[in-house]
Amino acid sequence: MVGRAQPVSTWPGVGAAGLVAALILGTLAAVALRAETAGGFGPADWSALRFTLIQAVLSAVFSAALAIPVARALARRRFRGRRVLIALLGAPFILPVIVAILGLLQVFGRAGWISDVLGLIGLPPLRIYGLHGVVLAHVFFNLPLATRLILQAWQEIPAERFRLAAQLGCGGGTMLRLIELPMLRRILPGVLAVIFAICLTSFAVALTLGGGPRATTLELAIYQAFTYDFDLGRAALLSALQLALTVAAALAALRLSQRDGFGAGLDRAIRRWDGGAPVGDAFWIAAAAAFLLLPLAAVVISGLAGLFEMPIQVLRAALTSVLVACVSTVVFLTLALPMAFAVAAGRYGIVELSGILGLAASPLVIGTGLFILIHPVANPSTLALPVTALVNAIMALPFGLRILVPAAREVVTRHGRLALSLDMNKKTFFTLVLLPRMRPQIRFAAGLSAALSMGDLGVIALFADPQIATLPLQIYRLMGAYQMQAAAGAALLLLLLSMGAFWLLDRGGRHHAET
């Protein structure tokens with residue numbers, strides 16, 4: 001469609017993509033230039049690099065390994081509530097990290113539910129801090145993602161493969177060897193690479209469950225270089241290394257996820273003739289559901305009692321988080337909508353590249369660059385909230401474009417020629433055709449952006465002074481002061497705000513679609 005007349009203007013999208021690229025690349029250039037003045041790596045930096053790689057590898061391996069039997073059980077079994085359970089697998093993606101960590105502490109921590117049971121039989125309590133705690137939290141967040149990816153690959157196997165195997169008298173073991181293992185060899189490298197890339201840039205998990213000399217990631221080392229040593233050169237050097245690792249992992253994930261599949265079938269519903277072990281499948285499904293739902297239940301139970309012990313600072317932080325999420329969502333839509341329309345009209349290039357940059361760049365690295373740029377001319381703490389809202393919008397952009405671009409492309413393809421033949425101007429097509437037909441996707445993307453921004457604990461930790469805090473940062477401060485009951489109440493409030501923002505915006509889109 002490039003070169004033809006288009007019913008939508010592409011220049012706003014190109015301009016928005018240019019601004020995003022300038023922001024990301026400009027901050028990275030500031031980091032790179034500042035890194036030139038830094039010294040070499042010290043022992044603590046090498047230790048942070050080793051821990052970052054080790055925890056990312058272990059998190060990816062455990063998440064994928066546990067997801068295989070869960071996805072296989074879901075692929076083979078049909079039961080009441082299956083759709084609800086699969087839908088719940090997406091909840092950790094929008095769940096605030098600090099809320100999930102509090103739930104994990106209340107279940108797996110030293111004073112948690114499992115430790116209480118172990119104490120009854122004379123066993124020592126669990127210890128969650130350190131490498132095993134970081135890996136546990138990453139598995140909690142990434143097991144659902146790995147399960148969804150592997151389950152989707154299982155469901156893409158043509159039904160005719162299973163039918164032919166059944167006609168040839170193949171049992172479950174033979175089907176596993178001839179059909180399912182080849183699929184796993186194709187999909188697992190990409191799944192491992194995606195989770196590895198995600199775990200490289202997990203700041204809040206390492207901040208709360210790691211933090212010791214032996215459990216410090218690169219991102220946490222960057223944060224410590226700012227807050228404790230105010231060593232901009234060392235922070236910049238670590239940021240450059242963080243970027244290189246993230247880009248390499250993202251490129252590997254993209255390359256490994258583009259392998260050939262099994263080919264097309266007749267789109268028949270998949271029916272399995274290998275009954276397998278129903279008890280084993282039930283065990284894996286129940287174990288995965290318990291692992292995901294028990295921490296959420298713990299947050300709700302303990303949070304109900306902690307609601308009455310929250311200090312007034314929590315309410316101020318909640319209002320701040322709502323304000324930041326609103327501003328971030330407006331910025332996100334201002335950038336994402338014209339970029340999606342430009343891609344739909346055939347303008348790829350810089351627009352799609354800008355969308356990918358958000359996946360490769362860590363928010364803490366962008367925050368580092370902004371801190372370096374702002375520091376010579378102003379006090380960065382005075383701009384903590386605007387910078388946090390801006391970075392949150394940039395981080396949500398890649399996910400939002402994946403939601404908006406297919407819908408925009410379909411509308412332009414179906415109605416673009418008719419609009420041009422009717423001599424409909426671009427403004428009229430935008431307001432009367434494009435926006436109404438994309439309202440469900442716009443609402444969903446906006447809800448996702450608001451939820452992610454509401455629960456973010458990243459850039460604000462770099463910029464904020466003691467008088468400014470979002471709700472996730474205030475929860476972290478309460479945990480650091482050992483006010484766990486108040487932190488639990490604040491975590492429940494954050495959970496309600498995040499899920500409520502997502503539901504409110506997404507519900508509007510689905511209501512419009514249903515009517």
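What percentage of the 515 residues of the chain count as buried? In this predicted model, where local features need pLDDT of at least 70, side-chain atom pairs count only at pLDDT 80 or more, and totals for chains, interfaces and linings use all residues, the share is 51%, with buried meaning under 20% relative accessible area, exposed over 50%, and partly exposed in between (1.4 Å probe, protein chains only). Residues are numbered from 1 along each chain as its sequence is written, and side-chain values use heavy atoms, leaving out hydrogens and water.

The chain has 22 helices and 0 strands; these are DSSP runs (H or I, at least four residues, for helices; E, at least two, for strands), numbered from the N terminus. Among contacts (heavy atoms within 4.5 Å) with a separation of 6 or more, 84% come from residues 24 or more positions apart.

Helix 2 (residues 43–76) packs against helix 7 (residues 131–155) at an angle of about 40 degrees, their axes 6 Å apart. Helix 2 is therefore oblique to helix 7, given that angles under 35 degrees count as roughly parallel, over 145 as roughly antiparallel, 65 to 115 as roughly perpendicular and the rest as oblique. The contact of helix 2 with helix 7 has 21 nonpolar, 6 polar and 1 charged residues.

Elsewhere, helix 17 (residues 384–421) holds Thr 413, which counts as exposed because its relative accessibility is 52%. From Thr 413 to Ala 344, the C-alpha to C-alpha distance is 8.4 Å, across 69 residues in sequence.

Conventions: Axes fitted to C-alpha atoms, helices over the stretch in contact; angles between N-to-C directions. Nonpolar A, V, L, I, M, F, W, Y, C, P; charged D, E, K, R; others polar.
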